[in-house]
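Have it open while you read.

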Amino acid sequence: MYNQGMQTIPINTYNSPTVILELIYRLKVKDVMCSALITAGRDATLREIQGLMRHKSITGVPISEGKRLLGIVSMDDIIQALDRGYIEERAEQYMSSKLIVLEEDMPVSFAINYFDRYPFHRFPVLNKHKELVGMVTSRDISTRLLVEINREIDQIERESTYARTGESGDVQIRTFTVYKHDFENAGLASTEIKKRLKQDKRDPREIRRAAIASYELEINLVVHADGGVITAVFEDDAITITAKDTGPGIPSVDDALTEGFSTANEWIRSLGFGAGMGLPNVRRVSDEFSIASSMSEGTEVFSKILFKKITTDSKG
Amino acid sequence: MRLNDIKTQLGYKALVMPNDQAGFTAAYTSDLLSDVMGNAPDDSVLITIQGHKNTVAVASLVGIQAIILCNKRSAPDDMQEAAIKEGVAIFSTTDDQFTASCKIGGLLGGR
């Protein structure tokens with residue numbers, strides 16, 4: 001019963017990008033199904049079900065007894081009934097009872113596969129105890145996938161990686177977009193930077209210094225700037241972290257570099273930020289540090305941490 | 001000291017415990033995250049009232065093994081999720097920061 005026509009959901013498990021693959025394996029059928037079910041009992045007539053379909057704007061009605069699924073009446077069954085004149089009869093006699101069902105804990109990839117394999121427009125979903133818990137249409141899946149894909153793309157946009165070959169070997173540059181007051185994702189850039197340095201087997205003290213510098217700069221963008229970009233340049237002998245924003249600028253850079261000086265408001269302080277230690281911390285851990293700020297163009301902070309020669313040859 | 005000792009010896013409630021055999025050798029008490037960032041030692045436990053996701057980010061970046069939330073502060077779901085992901089433990093207690101610091105100090109042998 002292969003459906004040779006167009007794929008219902010144009011996503012699959014053999015040539016989709018990794019992000020999509022992860023998504024369709026991570027999401028379970030229960031995450032996409034509709035659990036607000038409209039069902040009919042075994043005594044309902046096809047006429048009653050036709051009415052139900054019209055009132056609720058649905059195209060398939062499961063017939064159930066308690067939580068046990070007995071069958072499904074589809075729009076097509078109703079058309080047949082009208083055509084052949086048995087619309088007043090009980091649905092139980094004419095419903096499809098040889099059903100293909102999904103289980104709620106199956107990955108969504110299974111459901112997508114089912115829609116490709118079978119000609120049905122909807123599948124009932126059962127739980128471990130074989131009880132009816134929901135219905136899935138291809139539209140349910142597409143809608144949820146779009147929501148999730150949006151979220152993934154948002155994540156990818158925040159973090160872009162590109163590499164260029166410099167004169168002194170490979171240089172990798174990563175940029176992270178940071179949004180104003182986005183405390184939810186604050187720390188993402190520094191976590192990624194730290195992971196990368198760990199992979200490169202850098203000295204833990206150097207990693208910690210880079211983590212401090214990048215985190216403080218990231219938090220500064222979240223707290224004080226109208227958002228900005230963190231750029232990390234990974235070289236063989238150093239990491240350079242630059243935070244650049246478009247405003248509003250620091251009125252007095254000297255004040256900002258004074259420990260304890262802060263312009264953070266009350267609610268930001270209540271989160272534990274705004275201690276007036278951000279920039280002083282960055283300067284303290286950096287081998288090279290500079291800051292330039294103007295009220296018209298915003299602020300750019302530059303921090304470079306030099307690596308000692310590593311004895312383990314990780315770069316070849 | 002093992003993180004498990006915080007639960008068994010002090011009776012603090014473990015909200016997240018990715019590895020109860022993880023050790024700690026120091027502690028730091030502060031509610032200012034930049035201060036924690038700059039000064040908390042590696043392999044330490046953090047005694048604080050900052051019960052939110054950003055505390056986990058700081059802990060993970062500086063190598064803090066556990067966060068002890070004082071004064072009955074709870075950890076919101078997103079904080080617990082982040083802690084599981086980053087492998088940082090979270091405890092909660094009705095003790096205030098001073099009392100918790102003294103007790104953790106006791107565990108560490110008054111160092």
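**Notes on the model**

1. Start with helix α3 (residues 53-62) of chain B and helix α4 (residues 77-86) of chain B: their axes come within 8 Å and cross at roughly 20°. Axes here are lines fitted to C-alpha atoms, for helices over the stretch in contact, with angles running from 0 to 180 degrees between N-to-C directions. Helices are DSSP runs (H or I, at least four residues) and strands likewise (E, at least two), numbered from the N terminus. So α3(B) and α4(B) are roughly parallel (angles under 35 degrees).

2. Before going on, a caveat: this is a predicted model, where local features need pLDDT of at least 70 and side-chain atom pairs count only at pLDDT 80 or more, while totals for chains, interfaces and linings use all residues. Residues are numbered from 1 along each chain as its sequence is written, and chains are lettered from A and ligands numbered from 1 in the order in which they are written.

3. Who touches whom between these helices? K53(B), V56(B) and S60(B) of α3(B) meet D78(B), M79(B), A82(B), A83(B) and E86(B) of α4(B) (contact: C-beta atoms, placed from the backbone, within 7 Å).

4. Now G187(A), which sits in the loop between β7 (169-178) and α8 of chain A. G187(A) is buried, as 26 other C-beta atoms lie within 10 Å (the cut-off is 20 or more). Beyond its neighbours within four places in sequence, G187(A) contacts Y215(A), E218(A), N54(B) and A57(B).

5. Between the chains, the contact takes 18 residues from chain A and 16 residues from chain B. On the chain A side, α9(A) gives the largest share, five residues.

Technical notes. Contact = placed C-beta atoms within 7 Å. Buried ≥ 20, exposed ≤ 12 C-beta atoms within 10 Å, placed from the backbone. Parallel < 35°, antiparallel > 145°, perpendicular 65-115°, else oblique.
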